[in-house]
Every structure is written in C-alpha cells, then in structure tokens.
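Hi,

Here is the structure I said I would pass on. Have a look, and my notes follow below.

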Amino acid sequence: MRAWARMVCAAVATAALGGCTPVPVVPPDGNVEFRDEFGSSQLSAGWTFDGRDAAMVSLATRPGFVRIGVQAPDTSTEEVEFTALLRSTSGDFIIETRMEFEPEADRQLAGLLVRGDDGRTVSFGIISASFPQGIFRGLSAVSERAGGQDPLTSFRALDGNSVYLRLERSGGQVSFLYGTDGVTFFNMANHDVGLSDAVDVGIGNLVRDNCEASCDAGSLADFDFFEISRPGDGTS
C-alpha cells in the first residue's frame, strides 16, 4: 500500500464521523493580483496546461466556467496524473475558487493545486476514495513533504458538490479553508510544508495511483473563477 493510502486510511475513520464541529472564521482580505472569471472564449494570459490531453479543458461546455476532465494515470509509475491549469507565483499568497464537482473514480480529486520547484504538490478539494473502512467522500488536503516523509493529510465530510476553496500560504505553512457561500469560511487544517519560494498554483482534476478500472469513470470539475491575492487589508 502506498504511503499516501496509509495516511488516508488512518484519517478516514475520524473524517467519516464528521470530526469536531467546525468553527467559522473570517479570513483576511487580500490585495487581488489576478482573477479569471472564465467568462470569455479564451483563458486569461499566463495559464499553463499540465496534462497529456489539452482537450480535457473547455470554456465552451458551460459558459462562465472552465470545465476540466480527468485522465487515467500511468499505472507503471507512482506519480499523480494531473489535468491542470497552473500559473507561476512566489512568496506568500492566497488562492481561491468555487468549484462544482461530483467525483466518480476512486481517489479522484479536483480543486486547488500548488506545486513547488522540486515537484512536490499540495492539493485541496473534493475527493472520493474507497478503503477498508468504507467509501469516504468529502474534502481532502494533502501536502507532500521533502525527504520521502509521509504526506500531511486532513479530511472532512462535506454535503453537496459545490464549495468555495481557499488556500493561504504564509512562509512554510499552508492553511486550508472552505465555505459554501463565499463569505463564511471554516479553517479545516494548517500544514507545515516548507515549499520553495517560487511555485505554480492553479486548479485541476487528478487521480492518484491504483484507481484501476474506475479511472475510466472519472467525472468533470467545473470552476467558476480563480483568484490570486496577497495577504493584506485589501485597502491598497
């Protein structure tokens, strides 16, 4: 069993029971640096596609959204298979999106992504995964760490298929927040990751290894917008 799967199995039992009651927080405003509403026939300048089939990304299927499909992974490797849109940034940042997604493939996740210059990734979104304890469907935050250490993982049950996702980086720490109305957010977890200063950030639909035949049943993720901002009071 892969290290990622071991960590998920350890957390699923608690997550499936709902864990502690989340406490709403007011995330700090940020100074918006970039925002794409996906309202035109072309993506804003600066996006990079990461994947094997660019046809998996569509602005035409659902106006006002970008739709990202899933690719089956290369089962000869242990790598995560991305279908993603990424942008370069550095330093402290806040990224946010609203997503509609109903996962079908085992260990399929769609949501926010961060990738360091060493290839390590941080993912935050809705996941479906089957384990000995049963099938878990809800929010997942997974942060890969250097030196072959097991990834940091956090999970929470989620009703529905629409969610606002917000990921905040401050130095070596990454915070994961979620909400359903774009106003009230809940802090799901904080991970000490130690990513490189320069990173790629964005949105994607991915499947981790060992999803087997269910990879062919992967569903589509619709993203309403994507925003990058810098921590601040929002007044400048």
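This is a predicted model: local features need pLDDT of at least 70, side-chain atom pairs count only at pLDDT 80 or more; totals for chains, interfaces and linings use all residues.

Phe38 has a positive phi of about 55°, although it is not a glycine. With a relative accessibility of 2%, Phe38 counts as buried.

Now the rings. The whole structure holds seven aromatic pairs. One of them is Phe34 with Trp47, edge-to-face at 5.9 Å centre to centre and 75° between the planes. That pair links distant parts of the chain, with Phe34 in strand 2 and Trp47 in the loop between strand 2 and strand 3, 13 residues apart. Both Phe34 and Trp47 are buried. Ring pairs also tie Phe34, Phe38, Trp47 and Phe226 into a cluster.

Seven strands make an open sheet in the order 3-6-15-8-9-10-11, with antiparallel pairing. Strand 3 (48–50) and strand 11 (152–157) are at the edges with a single partner strand each, so one side of each has no neighbour in the sheet. On average, neighbouring strands of this sheet are turned by 25° against each other, direction ignored. Strand 3 is joined to strand 6 (residues 81–90) by three bridges, and Thr48 stands opposite Leu86 in strand 6.

Cheers

Methods. Residues are numbered from 1 along each chain as its sequence is written. Side-chain values use heavy atoms; hydrogens and water are left out. Two strands pair if DSSP finds at least two bridges between them. Helices (H or I, at least four residues) and strands (E, at least two) are DSSP runs, numbered from the N terminus. Axes are lines fitted to C-alpha atoms, for helices over the stretch in contact, and angles run from 0 to 180 degrees between N-to-C directions. Buried means under 20% relative accessible area, exposed over 50%, partly exposed in between (1.4 Å probe, protein chains only). Rings of Phe, Tyr and Trp (its six-membered ring) pair if their centres lie within 6.5 Å; planes under 30 degrees apart count as stacked, over 60 as edge-to-face and the rest as tilted.
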